[in-house]
Every structure is written in structure tokens, then in C-alpha cells.
Amino acid sequence: MTGTSLAPRPRASRWLLAGWMATAAFVGFRFVPAANASHTHTGWDQKHIATIHGNDGPAGGGSGPGSLDEEYCIMSETSAMPASTIAPFIQETLAALSFDTIWDGSADWRVDLWRTQKYCNEYSTADRNRIEIEYRVRETWASVCGGDIYACVTSVSPVTDSSGAHQHYKYMNVHLKREQMAALGSTTRARKFINHETGHVLGLRDPEYYGHCMHSVMHNNLYSSLGCTDPVWHPTPSDFASVRSIANRTN
Ligand SMILES: [Zn+2]
Ligand SMILES: [Zn+2]
């Protein structure tokens, strides 16, 4: 596995963060993103799902996913939250709420998310290897995500894009903690994690310094440690625009 993009994941000690704050205050204006867009991976190694550039299946319905659609499965490895409990909620968050708040259908349906019939761990290895995205729930992902408090996405099996200009990933795995999925009086917190980590699957990045905040599910108050206060729990116009630019290879 390569690559980890973590939420919420402070990347530095408190001491180092203080140093970054000073740096950001000094040169911050140079890094204001054009058009207020969420930022993406650029250059050769681009952490997004390889199927994002195309759409060969029926939009939002029809007989089944095409080869450039995104199939996803869900599984749980904690008896405190069985897959049968959390899977309908993840599916609803990704695909069944108001269209302007869900990832499904973004970038003119080049993001076309299809939940598999069974849970990830119910498939044979060969069949499981045809599924692009896995959502996995566990009590802790400390060994995968670098710390007990973190969720993260791992990108697996880099492949070269048909353009030859970048590599992207055949599989992306979303690692969510059971505690993050628990309602805790509000479902919006769980949706923040699901939508933020899915933003990583689609190629979006975390805030990189203190005050790197905007109206974006990637820069919301999960990053209060970086001064971000926006409570938005769903992808925003900035997020959709950035995913479109990735799909268009214009990021
Ligand atoms: Zn993140
Ligand atoms: Zn790509």
C-alpha cells in the first residue's frame, strides 16, 4: 500500500505546527487557491481512483456498472457495529441524499458509485479484486492510519493513465473508525468522515497549513486543529469543481 491521506490527521508536533503558523502568516497570500477551488494531487503521482476520467455505464441507474464506473463494497470488523447497520447509512450518504450534497453523479457522472450486493469480505479474492473502493469499519486503524484517532484512505496498485502523464490507483480503501460512524447525537458527524475520505478517493487533498480553510468538506471543522471552523458535512461547489478538473485532467 502506498499513500495515506488522513482526516483528521495533524501531521506535525505542536511545536512544528507553531512554526508553520508563522510561515503561513508570512507567505500565506501566495497560496490562496485560484477560484477558491479545493486542491488536488498534481504531477506524476496522483492519488485518485483510476476510473474517474471516464464514464461508460448508464448514469445513475440501468442494468449495472460499466468498467469505468466505481463499485464499492462495505465491511465491518467490529461486532459493535455490524456491516448490516452501517452499510445503508454509507450508501445513503454517498448516493441517496439531495443531489447537491452527494458525490455520486459528480463530474457529469464520471463519478458513478455502485454499491456491491455483498459485503467486501463475502467475495472470493478474484471477485473482490473487481471492486474499486472498499469502506472498512473497525474499532481502530492505528496500524494503517498512523494513530488511533485517525481515519485514512490507502491507495493500492498504481497504474499509468491513458494520457501517459500521471499515475493513479486501481484500488482505494477507506478506513473508518466505529466511533466516527456512531451517531453521537448527530448523523452529520459521521457523514463528514464518509464524505471527506471519499473526497480523498476522488483526488482531493487535506489542508496543508494553519488557516488553509475554505467552504469544503476537505477543509471543514474536522480540521479545527488548523483553525478551520466550517461545519459543512457534504461536498461543496468547490469540491465538485476540483473533482471535475481531475476527471478532465486539467488539475
Ligand atoms: Zn483528509
Ligand atoms: Zn487519473
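Predicted model: local features only at pLDDT ≥ 70, side-chain atom pairs only at ≥ 80, totals over all residues.
**Stop 1: the zinc site**

Select ligand 2, the zinc ion, together with His48, His53, His166 and His168. These four histidines coordinate the zinc ion (ligand 2) at 2.0 to 2.1 Å. The donor atom is NE2 in His48, His53 and His166, and ND1 in His168. What arrangement do the four donor atoms make around the zinc ion (ligand 2)? The arrangement is tetrahedral, because the donor atoms subtend angles of 105 to 114 degrees. For four tetrahedral donors the ideal angle at a metal is 109.5 degrees.

Next, follow the donor residues along the chain. Their spacing in sequence is H-x4-H-x112-H-x1-H. Histidine 53 and histidine 168 link distant parts of the chain, 115 residues apart. Histidine 53 belongs to the loop between strand 2 (45–49) and strand 3 (70–76), while histidine 168 is in strand 7 (residues 167–177). Histidine 53 is buried, with a relative accessible area of 11%. Histidine 168 is buried as well, with a relative accessible area of 4%.

**Stop 2: aromatic pairs**

The model contains three aromatic pairs. For one of them, select tyrosine 72 and tyrosine 135. Their ring centres are 5.7 Å apart and their planes stand at 80 degrees, an edge-to-face pair. Tyrosine 72 is in strand 3 and tyrosine 135 in strand 5 (residues 133–138), so that the pair links parts of the chain 63 residues apart. Are these two residues buried or exposed? Tyrosine 72 is buried, at 1% relative accessibility. Tyrosine 135 is likewise buried, at 1% relative accessibility.

Now select tryptophan 103 and phenylalanine 240. The planes of these rings are at 80 degrees and their centres are 5.5 Å apart, so this pair is edge-to-face. Tryptophan 103 lies in the loop between helix 2 (83–95) and helix 3 (106–109), and phenylalanine 240 lies in helix 8 (residues 237–247). The two residues link distant parts of the chain, 137 residues apart. Tryptophan 103 is buried, with a relative accessible area of 0%.

**Stop 3: charged side chains over rings**

Select lysine 118 and tyrosine 123. Lysine 118 lies over the face of tyrosine 123, at 4.9 Å from the ring centre. Then select arginine 191 and tryptophan 233. Here the charged end of arginine 191 sits over the ring of tryptophan 233, at 6.0 Å from its centre.

**Stop 4: histidine 234**

Histidine 234 is found in the loop between helix 7 (187–201) and helix 8. This residue counts as buried, at 18% relative accessibility; the cut-off for buried is under 20%. Histidine 234 and isoleucine 102 are 132 residues apart in sequence, yet their C-alpha atoms are 6.6 Å apart in space. Which residues does histidine 234 contact, apart from its neighbours within four places in sequence? They are Asp100, Thr101, Asn195, Val217 and Asp239.

**Stop 5: the disulfides**

A disulfide is a covalent bond between the sulfur atoms of two cysteines. The whole structure holds three disulfides.

Select cysteine 73 and cysteine 120. Their sulfur atoms are 2.1 Å apart. The torsion about this S-S bond of cysteine 73 and cysteine 120 is about 110 degrees, so the disulfide is right-handed. Cysteine 73 is in strand 3 and cysteine 120 in the loop between strand 4 (113–115) and helix 4 (125–128), 47 residues apart. Both cysteine 73 and cysteine 120 are buried.

Continue to cysteine 145 and cysteine 152, whose sulfur atoms are 2.1 Å apart in a disulfide. A torsion of about -75 degrees makes the disulfide of cysteine 145 and cysteine 152 left-handed. Cysteine 145 is buried, at 1% relative accessibility, and cysteine 152 is buried, at 0%.

Finally, select cysteine 213 and cysteine 228, which are joined by a disulfide with an S to S distance of 2.1 Å. The torsion about the S-S bond of cysteine 213 and cysteine 228 is about -85 degrees, so this disulfide is left-handed. Both cysteine 213 and cysteine 228 lie in the loop between helix 7 and helix 8, so the pair ties together parts 15 residues apart in sequence. Cysteine 213 is partly exposed, at 31% relative accessibility, whereas cysteine 228 is buried, at 1%.

With the bonded cysteines of the protein numbered in sequence order, the pairing reads 1-2, 3-4, 5-6.

Note on methods: Residues numbered from 1 in each chain as written. Chains lettered and ligands numbered in written order. Heavy atoms only, no water. Donors = N, O, S within 2.8 Å, 3.2 Å for Na, K, Ca; no water. Tetrahedral: all angles 85-135°; square planar, octahedral: opposite > 155°, others 65-115°. Helix = DSSP H or I, 4+ residues; strand = E, 2+ residues; numbered from the N terminus. Buried < 20%, exposed > 50% of the residue type's maximum accessible area, 1.4 Å probe, protein only. Phe/Tyr/Trp six-rings, centres within 6.5 Å; stacked < 30°, edge-to-face > 60°. Lys NZ or Arg CZ within 6 Å of the ring centre and 35° of its normal. Contact = heavy atoms within 4.5 Å. Disulfide = S-S within 2.5 Å.
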